[in-house]
Amino acid sequence: MIQNKIVIGLIAEFNPFHTGHKYLIEQIKIKFPQSYIVCVMSGDFVQRGENAIVDKYLRTDTAIKNGIDLVIELPVEFATSSAKDFSMSAINILDSLSFIDYVCFGSECGNINILEEIAKYLSSENFNNNINIRNDLKTGSTYAKAISKNINVNIESNDILGIEYLLSLKKINSKIKPIIIKRNKSLMSAYDIRQNANRILNDQYKIQELDIYQKLIKYPISFINDFSEYLNYKLIMVASENTNYTKYYDIKEPLSNAIKNSVYDNLLFSDRIKKLKTKNYTYSYISRCLLHIMLDIKKEDVEKLKNENYFAYIRLLGIKKGSEIILKYIVPYKVTSLSPKYTACITNSTSVETNIFASNLYNMVVGNNQNELSRKFIVDMI
């Protein structure tokens, strides 16, 4: 709480921001009229194992214009990782602020009691001993489908993330309380917007989203295949060093060997994923692994970051004009604008360098032509 105002934490990608996100924020404001909303948001690469369709600064600006008070960047190491790692990093960041009262998330299920029961089951020995779930996962089933099938409760992607948030809160013994807003399925999803992005740009696909995302028409957007040449170059560079790809986070020996077998094939990013895909690996898992190679996210560096509570610093992206009081409640040495004068305050410089590199690569590929160190913190006048 800050000056008698409830503080709500959100975890999001806003890839892109759409009316479903706006609906979620509006529902929070109805429930907590006098509140601040602090969002931990993925940067230029996201959990599906792809680049964000538009950069983090446009998404930050749009989020603030639609009710978010402060946006903090989720480190790229975990923004591009499993739901468990994604959740642990975001929850640890929110918990470290010490003034977050609630964490709110959208849910297809819409029932916090059901999700808490599932979370309790997933942390029990019964789950660890459930051979059927393990077998379903090994044969390529998504986590949500495997869980739904074996516990006879229909849960979807947002529910899975919500369950991971509950597990993370419990694991770190956080005082933050979870609340959920039932997802309005009549609203278009971010996935639908990304799939139709080209039609939106050609002004052939009229949707309600353009009312809040008009800049999408004029702003540089990108897709995963735009990064194909850099990925191919990086794969060859690693192969020339005669080292295994297992040094990169999440990559196990069988996938490393499969990557080696096709390393010299000139493939689009998406075609390489399809070539590597088997019943044992989901599309998103392979895409995340390839991103880790491309962005030089190594296993030993991520493990070190996990030991530092899943983040090395708090990266501020933007704040609403009038909400600057929030900044006074954040421990100063943890905050950075990534300018050189701040880096001396951060013990894990590898994470800083990794995140700067990821953003600079993104900026170069999409044509932003800006150095991440020169990007300005957004103070939105609304």
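Reader: What is the relative accessible area of Tyr-329?

Author: Tyr-329 has a relative accessible area of 37%, and this residue is therefore partly exposed (buried means under 20%, exposed over 50% and partly exposed in between, with a 1.4 Å probe and protein chains only). The model is predicted, so local features need pLDDT of at least 70 and side-chain atom pairs pLDDT 80 or more, whereas totals for chains, interfaces and linings use all residues. Residues are numbered from 1 along each chain as its sequence is written, and side-chain values use heavy atoms, with hydrogens and water left out.

Reader: Which aromatic pair does Tyr-329 form, and what is its geometry?

Author: A pair of aromatic rings is described by the distance of the centres and the angle of the planes. The rule takes rings of Phe, Tyr and Trp (its six-membered ring) with centres within 6.5 Å; planes under 30 degrees apart are stacked, over 60 edge-to-face and the rest tilted. The count by this rule is 11 aromatic pairs. Tyr-329 pairs edge-to-face with Phe-99, at 6.4 Å centre to centre and 80° between the planes. Phe-99 is in the loop between α4 (83-97) and β6 (102-107), and Tyr-329 is in the loop between β8 (314-320) and β9 (335-336), so the pair ties together parts 230 residues apart in sequence. These elements are DSSP runs numbered from the N terminus: helices are H or I of at least four residues, strands E of at least two. Phe-99 is buried, at 5% relative accessible area. Elsewhere, Phe-45, Phe-227 and Tyr-362 form one aromatic cluster.

Reader: Which residue lies over the face of Tyr-36?

Author: Lys-5 does, at 4.6 Å from the ring centre (the criterion is NZ of Lys or CZ of Arg within 6 Å of the ring centre and within 35 degrees of the ring normal).

Reader: Which backbone angles deserve attention?

Author: Most residues other than glycine have a negative phi, and most peptide bonds are trans. Here Asn-15 and Pro-16 are joined by a cis peptide bond, with omega about 0°; Pro-16 lies in the loop between β1 (6-12) and α1 (19-31). Asn-173 has a positive phi of about 55° and is exposed at 67% relative accessibility. Tyr-310 also has a positive phi, near 70°, but is buried at 9%.

Reader: How many residues of β1 are buried, and which strands does β1 pair with?

Author: Seven of the seven residues of β1 are buried. One side carries Ile-6, Ile-8, Leu-10 and Ala-12, the other Val-7, Gly-9 and Ile-11. β1 runs parallel to β2 (residues 35-42), joined by seven bridges (strands pair if DSSP finds at least two bridges). The chain passes from β1 through α1 to β2 in a right-handed β-α-β crossover (clockwise from the first strand over the helix to the second, with the strands pointing away from the viewer). Leu-10 has Cys-39 as its bridge partner in β2. β1 also pairs in the parallel sense with β6 over three bridges, where Gly-9 is partnered by Val-103.

Reader: Which residues touch the most other members of the largest nonpolar core?

Author: In soluble globular proteins, nonpolar side chains tend to be buried together. A core is a set of buried Ala, Val, Leu, Ile, Met, Phe, Trp, Tyr and Cys residues joined through side-chain atoms within 4.5 Å. The largest has 40 residues, and Val-38, Leu-94, Leu-97 and Phe-99 touch the most other members. Its largest share, six residues, comes from α4. Leu-94 has contacts (heavy atoms within 4.5 Å) that include Gly-9, Leu-10, Val-38 and Val-103. A second, separate core of 38 residues includes Cys-289, Ile-293, Val-302 and Val-366.

Definitions and conventions:
Lists of a residue's contacts leave out its neighbours within four places in sequence.
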